[in-house]
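Please find below a short note on the model under discussion.

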Amino acid sequence: MLEYVSGIITFSLIYVIATVGLAVFTGFTGLFSLGHAAFFAIGAYTAGILTYFYDVNFWAALAAGVAVSSLVGVLIGYPTLRAKLRSDYFAIATLGFGEAVRVLLENLDITQGARGLPGIASETTLPIVIVFTVLVLWVARNFVHSRYGRAAIAVREDFVAAEMMGINLFQVRMRSLVFSAGCAGLAGGLFAHYVSFIQPGMFTAALSTQLTASVVAGGMGSITGPTVAAVLFVAVPEALRMASMWRLVAYGFLLVAIMVFRPQGLFGFREISWQSCVRCFRKKPAAAGGGAGQ
Amino acid sequence: MSMLELKGVTKNFGGIVACKDISLSVAPGQIAGLIGPNGAGKTTVFNLITGVYSPTAGSISFAGRDITAIRPDKVVTHGIARTFQNIRLFRNLTVLDNVRIAVDKEVDYALGEALVRSPRVKSREREICALAMEHLEEVGLADKAEVRADSLPYGLQRKLEIARALALRPRLLLLDEPAAGMNPEESLELAGLVRILHARHDLTILLIEHHMDVVMELCEKIFVLDFGVKLAEGTAEEIQTNPEVLRAYLGEGYKRVRSQ
Ligand SMILES: Nc1ncnc2c1ncn2[C@@H]1O[C@H](COP(=O)(O)OP(=O)(O)O)[C@@H](O)[C@H]1O
Ligand SMILES: [Mg+2]
């Protein structure tokens, strides 16, 4: 039982890492990605292949997974972000990218096609995942609260005004995309060394959708909101031991419910912090400064 | 010597000629006005200066350097800042954050430092906040620092846009209808503020405005546009007595505005 619970937590946190990365991209630049499973897969396969075939040290393999995912992020971002594509075009481009990577994984020799890689060393443990989750959350928070994060928010809010502030749209979007690709790669590497078996079918558009759904449901422009949503989306269906079909139905209903009752996402722009917890317990209104004035 | 100079600038949007062969020059330290009926091409002139659009023909120079078809995000490095006719604030952010984003350009720290939030980043962030607060104080918005930008009343949103533009420390400030939607009293108060900021920051200002009392009060030089063509230029007196301007643009409407 304990093992089962720790398994669910490990899984949830691996998804949290990928979701937080995507939250920094989608939530703070306003661009939707429907292909983030590809970065997850690239991290998983890079790290997995390195330890499986080449006996590379687990940590080095993880780092390589992050590096390769980030690099692919640059390669994908260069043409798509440079062209000032509208956000819906970008989403379609990433959808294509996600499928292309999956097809590639199914047909390459080194990935052993659809058979996948069975028997990858089991290295990922709950403590390791907890440490990485905390680290990623911390770095993401630092990013968002820096001038780089503000530049991204400015682009999301109004890119014409942002440009007048001297903000380079391409740079800002690229930075966030690479960060999110790196996080997804890290999550992938951890995933591969947790489940010990990966195959292309694990990294489909359904996974991309799940990640994006977590960000939207958790709140665009929040880090902690998507974190909670990611846990809910993984842990709840898993804990209820639902068949995969019902799991998707549950996602659907969960999403519809959130969009109907909280269109801004669970947390809107807000973050969970000590102050907000304290305030909540003291039952004081959270709003600062009041509304219109004058 | 001119600070801003447009030479024969033309802009076509498909079949529409928004600006046709416009030449104008603004001297350093001047407050110049750009007036004309709706659709005359005034905002398009600002968009051409700030690289939002590139001109179909003609050239634009600023402080002796060619800025024709400049990239919009490079405009600020030349010392040009602007406000927008249809207010473009970062609406979901606080008043303070709106100005912080402008101040960010000034205080440099690397991405790596930002990710680990080094002590240097923390102290720079405090500087950014302090600077942003100073800019808010200038336009009288300091007490609204934590309010969401879009919950400000209209007039204050315009002031916030001005504060945000000034935080970029420009030499040339382009104001697109800063008094739009204000009553005569408020618009004169705004004119007073513009005058103070102009003196304090050593600015050159080009201003689009429909409130004639604001234009006449502030501008040493006025350019009149009509259907994308520059109809006249001169001092307030010269414009007011220019028969072509009176006929084509000001006409009866002008007398009505003046008598208000
Ligand atoms: N992006 C655009 N695409 C097509 N037409 C435009 C565009 N921007 C401006 N125009 C046209 O150019 C003309 C001048 O517009 P504008 O400069 O906004 O006028 P003003 O600011 O003087 O009211 C108008 O006819 C307008 O419809
Ligand atoms: Mg206009």
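1. Which backbone atom lies 2.8 Å from an oxygen atom of ligand 1? It is a backbone N or O atom of B:Gly39. This counts as a polar contact, that is, a pair of N or O atoms within 3.5 Å; within protein, one must be able to donate a hydrogen and the other to accept it, and residues adjacent in sequence count only if both atoms are side-chain atoms.

2. On provenance: this is a predicted model, in which local features need pLDDT of at least 70 and side-chain atom pairs count only at pLDDT 80 or more, while totals for chains, interfaces and linings use all residues. Residues are numbered from 1 along each chain as its sequence is written, chains are lettered from A and ligands numbered from 1 in the order in which they are written, and side-chain values use heavy atoms, with hydrogens and water left out.

3. Two side chains also approach ligand 1. A polar side-chain atom of B:Lys42 lies 2.8 Å from an oxygen atom of the ligand, and an N or O atom in the side chain of B:Tyr53 is 2.8 Å from a nitrogen atom of ligand 1. Taken alone, ligand 1 exposes 560 Å², of which the protein buries 66% (Shrake-Rupley method, 1.4 Å probe; for residues, only the protein chains shown count as cover).

4. The shell around ligand 1 (residues with a heavy atom within 4 Å of it) includes B:Phe13, B:Pro37, B:Thr43 and B:Gln85. Helix α1 (residues 42–49) of chain B supplies the largest share of this shell, 3 residues; helices are DSSP runs of H or I with at least four residues, strands are E runs of at least two, and both are numbered from the N terminus.

5. A:Phe203 is found in the loop between β2 (197–198) and α9 (205–218) of chain A. Is this residue buried or exposed? A:Phe203 is buried, because its relative accessible area is 4%, and buried means under 20%, exposed over 50% and partly exposed in between (1.4 Å probe, protein chains only). Leaving aside residues up to four places away in sequence, A:Phe203 touches, among others, A:Phe40, A:Tyr45, A:Arg102 and A:Phe191 (contact: heavy atoms within 4.5 Å).

6. Helix α6 (residues 147–157) of chain A is mostly covered, with 11 of its 11 residues buried. Among them are A:Arg147, A:Arg150, A:Arg156 and A:Glu157. A:Ser146 caps the N-terminal end of α6(A), where a side-chain oxygen lies 3.1 Å from the backbone nitrogen of A:Tyr148.
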